Amino acid sequence: MLKIMVDDRQLRKNMRQLAERDVRWAAKLALDDTAIDVLKHVQGRMDQVFDRPTRFTKNAFMVKKAHTRDLEAQVTERPSFGSRHYLKTQEFGGQRRKTGLESLLDARLGYDGIISAVTPAGGAKLNAYGNWSTGERNQALSAVQAQRDATANTTQRSRRRNRKRAGFFVPRAGSKLSPGIWKRNADGSIQKVMHFTRAMPMYDERLGFFDGAEKVWRDRLPLHLRRTIGRAVDRMHSRA
């Protein structure tokens, strides 16, 4: 349990002048502002720990504001992300779960081997965050007949119409090419865009959410309380 004490004589004097509802409202505002500071700290930690974190990663947490009847603010995961979000593994370490792309390939791709995890290869086009570009990924999934919507898969007719477009393929069993998705360029050269692996990645503890959050909470809450209580006293005097 985290206990935060505020020892400030002027603050206590101000609080004695206020009605309970004013004190609770000031406390609610201070808790909300402190939670926002904690959230900013966590997002800043992501910039330090991860290489170009995506907006999805940085928006994994949200502030649940306090209420005057329940003086507790929270920095918590967004309900839409749930237990599968990979930041849980980054915080506590361990083996991550399959991504949506990995599950899709495992279910839809006609492949004889085991696909536990996939990672971009040297020939993949990457976006600003270092992830496989959406455009090339969709082209590759269509070419290897692995789109979730089967009508989006490449057909023989569309291949003939776009002969100059790069093609994608998965090597057959026994091929000298390593498992994954390969791209065949218009000039006949090939390069690998996606690795298939049998082992799921294991992560060490990296984010350090709780330690840093507690320090921010201890440092910022007393400051916010002084400000919000002082503002409440000013409003009371202005009404007098």
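In helix H6 (residues 134-143), the residues Glu136, Ala140, Leu141, Ser142 and Ala143 are buried, where buried denotes under 20% relative accessible area, exposed over 50% and partly exposed in between, with a 1.4 Å probe and protein chains only. Helices (H or I, at least four residues) and strands (E, at least two) are DSSP runs numbered from the N terminus. Just after H6, Gln145 adopts a positive phi of about 60 degrees. The model is predicted, so that local features need pLDDT of at least 70 and side-chain atom pairs count only at pLDDT 80 or more, whereas totals for chains, interfaces and linings use all residues. Residues are numbered from 1 along each chain as its sequence is written, and side-chain values use heavy atoms, with hydrogens and water left out.

The largest nonpolar core contains 21 residues, and Val38, Phe61 and Trp217 have the most contacts inside it. Such a core is a set of buried Ala, Val, Leu, Ile, Met, Phe, Trp, Tyr and Cys residues joined through side-chain atoms within 4.5 Å. At least two residues of this core are supplied by each of helix H2 (20-49), strand S1 (61-64) and helix H8 (209-239). H2 provides the largest share, 9 residues. A second, separate core of 19 residues includes Leu105, Trp132, Ala140 and Val193.

Two further residues of helix H2 were examined. Thr34 lies in this helix and is buried, with a relative accessible area of 0%. A polar atom of the Thr34 side chain lies 2.8 Å from the backbone oxygen of Ala30. Apart from its neighbours within four places in sequence, Thr34 is in contact (heavy atoms within 4.5 Å) with Trp217, Arg220, Leu221 and His224. Met46 is also found in H2, and Met46 counts as buried because its relative accessibility is 0%. The C-alpha atoms of Met46 and Lys58 are 7.0 Å apart, although these residues are 12 apart in sequence.

Strand S6 (residues 180-184) is largely enclosed by the rest of the structure, because 4 of its 5 residues are buried. Strand S5 (residues 167-169) runs antiparallel to S6 and is joined to it by 3 bridges; two strands pair if DSSP finds at least two bridges between them. Arg184 in S6 is the bridge partner of Gly167. S6 also pairs with strand S7 (residues 190-197) in the antiparallel sense, over 5 bridges, and Arg184 stands opposite Ile190 in S7. S6 and S7 form a hairpin with 5 residues between them, and Gly188 in the turn has a positive phi of about 95 degrees.

How values were computed
Polar contact = N/O pair within 3.5 Å; in protein donor to acceptor, adjacent residues only side chain to side chain.
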